[in-house]
Amino acid sequence: MIPVPVVVTVLGGWCAVYLADTLLKSSNSLKASYEDWLLTYGLSVSPFHLRWQTALFNRQFYSWGRWKPRFLYLWFSVGMAFGILAMFGSVILLGKTLLQTLTQMLTEAPKAQNDRMLQVVVSVPSSGLCLRAVCKLIVLHENSPCSAVPGVNLPVSQLTYFFSAILISGVIHEVGHGVAAIREQVRFNGFGVFIFIVYPGAFVDLFTTHLQLISPVQQLRIFCAGVWHNFVLGVASFMVLFLLPAILFPFYYTGVGALVTEVAEDSPANGPRGLFVGDLVTNLQDCPVYNVEDWNSCLGDISEKSQVGYCVSAATLQQLSFPARVYRRLDGTVECCSNNSLTDICFSYSNKLDSHLYACLPARKVIEASKVCRTNMDCHKDFVPSFCVTPSLENQTRLIRVKHPPHIDMLYVGHPMHLQYTVSLSSFVPRQNFLSIDLPVMIETFCKYLISLSGALAVINAVPCFALDGQWILNSFLEATLSSLIVEKQSRELVGFLILLAGSALLAANVALGLWMVTAR
């Protein structure tokens, strides 16, 4: 749940702002000057909503809207086609997501959550366009870095990326509407930004009468421009992310390992023989690590597969082992080390006479310079009698050898995912010591947030739902396509209303179930 101090701070801050606004407006001596000040600077205050509008950027918007008219016509025509396709695609996508969520709820299958394409998790205000729509909703990719609710499962360290990406996505969205409107000869009144509770957003103010007088196709170019620009921003961010190794090649090299950038204080990898910032991880067990993707993939494979063993000669096994009492843990696994040592681990092995033998051995001496194996057959070499000894650990627990030369190998015992969650890495290794190891990670993270949030705005704003861009896209689309089939305007409006009602219900159901999936589980 959201931490109480965060709730108190947000509510207290807004109460102070609203109280100050109310007192100033009710003061006989200050009311006139205060309202003049608000009007002069384009400010408005309402409960949980602070808004600023200005005409300072009008000249720039008009410059953009009149730049290369032919190119802009083609640009926004492509955007119109994309917006119409996105409107139908978003309905299909939300419908599929809703069915997947309901199926998971009925079957209680946890793996289904990873297969969902989208999940609505947070209500984010966005643009207003000319009709001042206040609330727009974000759909987040399930596996994206921002499939999270601030204060619930979004780390504090990620808040800057999260809110910056929301603001930039909203501004680019509104720039699309504004430039397209000027291109279609609709008067542009101003641009503004706002904060709703804690979420930033942007809007443009267009002259409604002009907007209603132009043709439905012209309206479509304006209404679709927002989702089109969000889509382009997402694609541009993806290209930057994809080309980042080439862009940073003069300063960073890749493909040599995963560079440790942070180790959490409570991480099992934190310690004298653990990992440190600046270490370069090259192997997990016998799995080579060339970048962060390999690190995650190797940990996933280690988690899914059974524990690997290590080849130990019969002579070494006899020399290192010592008598110990064998007993079973509550989960059915076997423990044979009862000396409370942090360096000894119970190993299981088999020979021709007995398939269930156990020995308490010093882990590092067994593992160092040993070959990884699955059976005794993997250890037959130079006719030296050898056994494949496997750590006898609790279920889901693994013994992992982490190579980070030139340091001694780290031996990790625990769940592989704990290692993944508490160690941050980068695929980029600085060529010079003065270069920051965090810069590539910051660029990567910000690009991922832009891809997810800008793409989410493109998808969700295209949904035919009341108060979203999809409402106006649908109305203009029906006017452009059904005017010859359904002559009466009231009948066309009724068709549009029914579609909007269904789209709103579909979105509301996704929002409710998405919030429940994130917060209730």
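A salt bridge, as I use the term here, is a side-chain nitrogen of Lys or Arg within 4 Å of a carboxyl oxygen of Asp or Glu. Side chains of opposite charge can pair when their charged atoms come close.

Before I go through them, a note on the source. This is a predicted model, in which local features need pLDDT of at least 70 and side-chain atom pairs count only at pLDDT 80 or more, while totals for chains, interfaces and linings use all residues. Residues are numbered from 1 along each chain as its sequence is written, and side-chain values use heavy atoms, with hydrogens and water left out.

By the salt-bridge rule, the count comes to seven. One of them joins the side chains of Arg364 and Glu368, at 3.5 Å from N to O. I will call a residue buried under 20% relative accessible area, exposed over 50%, and partly exposed in between (1.4 Å probe, protein chains only). Arg364 is buried, at 17%, and Glu368 is partly exposed, at 36%.

Another pair is Asp21 and Lys25, also with 3.5 Å from N to O. Both sit in helix α1, residues 4-26, and because they are four residues apart there, about one helical turn separates them. Asp21 is buried at 5% relative accessibility, whereas Lys25 is partly exposed at 31%.

Lys403 and Asp409 make a salt bridge at 3.2 Å, N to O. Here Lys403 is partly exposed, with 29%, and Asp409 is buried, with 14%. Glu479, Lys489 and Arg492 are linked in a network of salt bridges.

Next, the backbone. Most residues other than glycine have a negative phi, and most peptide bonds are trans. The peptide bond from Pro405 to Pro406 is cis, with omega near 10°. Pro406 lies in the loop between β19 (398-403) and β20. Lys68, not a glycine, has a positive phi of about 45°. Its place is the loop between α3 (58-65) and α4 (69-107), and Lys68 is partly exposed at 48%. Gln285 is not a glycine either, and has a positive phi of about 60°. Gln285 lies in the loop between β10 (283-284) and β11 (287-288) and is buried, at 5%.

Now the second largest pocket. A pocket is an open set of points on a 1 Å grid over the protein atoms alone, where a 1.4 Å probe fits, with protein on both sides within 12 Å along at least five of seven lines; lining residues have an atom within 4 Å of a point. The second largest pocket holds about 730 Å³ of space. Its lining has 26 residues, and Leu342, Thr343, Ile345, Leu411 and Val413 lie nearest the centre. Two or more lining residues come from each of β15 (344-349), α11 (363-367) and β20 (410-414). The largest share, four residues, is from β20.

Last, the surface. Phe231, Val235, Phe238, Met239, Val240, Phe242, Leu243 and Ile247 form a nonpolar patch, with about 720 Å² of accessible area together. Patch residues have over 30% relative accessible area and no salt bridge, and nonpolar side chains (Val, Leu, Ile, Met, Phe, Trp, Tyr) are joined within 5 Å, like charges within 9 Å. Phe231 is in helix α8, residues 216-247, and counts as partly exposed at 36%.

Methods. Areas by Shrake-Rupley, 256 points an atom, 1.4 Å probe, with all protein chains shown as cover. Points joined across faces, edges and corners; volume = space filled by probe spheres on them.
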